[in-house]
Amino acid sequence: MPVIGRVLNMTTELQALADGELLKTFFVSPSNNLCFHGKCSYYCDTAHAICGSPDTLEGSFAAFLPPKEVAPRKVWRHPWRRSYHKRRKAQWEQGRAELLGHTDMAELMGLG
């Protein structure tokens with residue numbers, strides 16, 4: 001996936017172009033920074049917002065790829081992806097058993 005890092009002005013490059021539901025999520029934080037959040041049922045609230053400093057944001061941005069019908073590609077699920085579901089957790093989110101596996105792996109790699 002083509003990715004590039006850059007500095008972005010949230011006021012002129014995001015807020016000025018946003019409309020509808022996305023525009024409603026923009027707000028100014030108590031620290032006087034411009035922030036916004038996504039629109040979803042989980043983690044999309046002011047407590048999990050993306051904020052500029054004060055409206056400048058540095059990040060990496062991915063290019064949109066054409067539809068799969070136009071450019072076929074393989075897709076791999078990330079093994080540590082979150083479930084983003086309040087009651088159904090991903091396997092690695094469920095308990096301490098997997099932490100032991102991480103410890104063993106760290107020792108094998110010479111990190112433990």
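Is phenylalanine 26 buried or exposed? Phenylalanine 26 is buried, its relative accessible area being 11%; here buried means under 20% relative accessible area, exposed means over 50%, and partly exposed lies in between (1.4 Å probe, protein chains only). The views below show a predicted model, in which local features need pLDDT of at least 70 and side-chain atom pairs count only at pLDDT 80 or more, while totals for chains, interfaces and linings use all residues. Residues are numbered from 1 along each chain as its sequence is written, and side-chain values use heavy atoms, with hydrogens and water left out.

**View A. Phenylalanine 26 and phenylalanine 36 form a stacked aromatic pair.** Helices (H or I, at least four residues) and strands (E, at least two) are DSSP runs, numbered from the N terminus. Phenylalanine 36 is buried, at 14% relative accessibility.

**View B. A disulfide joins cysteine 35 to cysteine 51.** The structure has 1 disulfide (a pair of cysteine sulfur atoms within 2.5 Å), and its S to S distance is 2.0 Å. The torsion about the S-S bond of cysteine 35 and cysteine 51 is about 110°, so the disulfide is right-handed. Cysteine 35 lies in strand β3 and cysteine 51 in strand β4 (residues 50–51), so the pair ties together parts that are 16 residues apart in sequence. Cysteine 35 is buried at 0% relative accessible area, whereas cysteine 51 is partly exposed at 34%.

**View C. Arginine 6 forms a salt bridge with glutamate 13.** The structure holds 2 salt bridges (a side-chain nitrogen of Lys or Arg within 4 Å of a carboxyl oxygen of Asp or Glu). Between arginine 6 and glutamate 13, the closest N and O atoms are 2.6 Å apart. Arginine 6 is partly exposed, at 37% relative accessible area, and glutamate 13 is partly exposed at 29%.

**View D. Lysine 24 forms a salt bridge with glutamate 21.** Here the closest N and O atoms are 3.3 Å apart. Both residues lie in helix α2 (residues 20–24), 3 residues apart, or about one turn of the helix. Lysine 24 is exposed at 64% relative accessibility, whereas glutamate 21 is partly exposed at 40%.

Conventions
Phe/Tyr/Trp six-rings, centres within 6.5 Å; stacked < 30°, edge-to-face > 60°.
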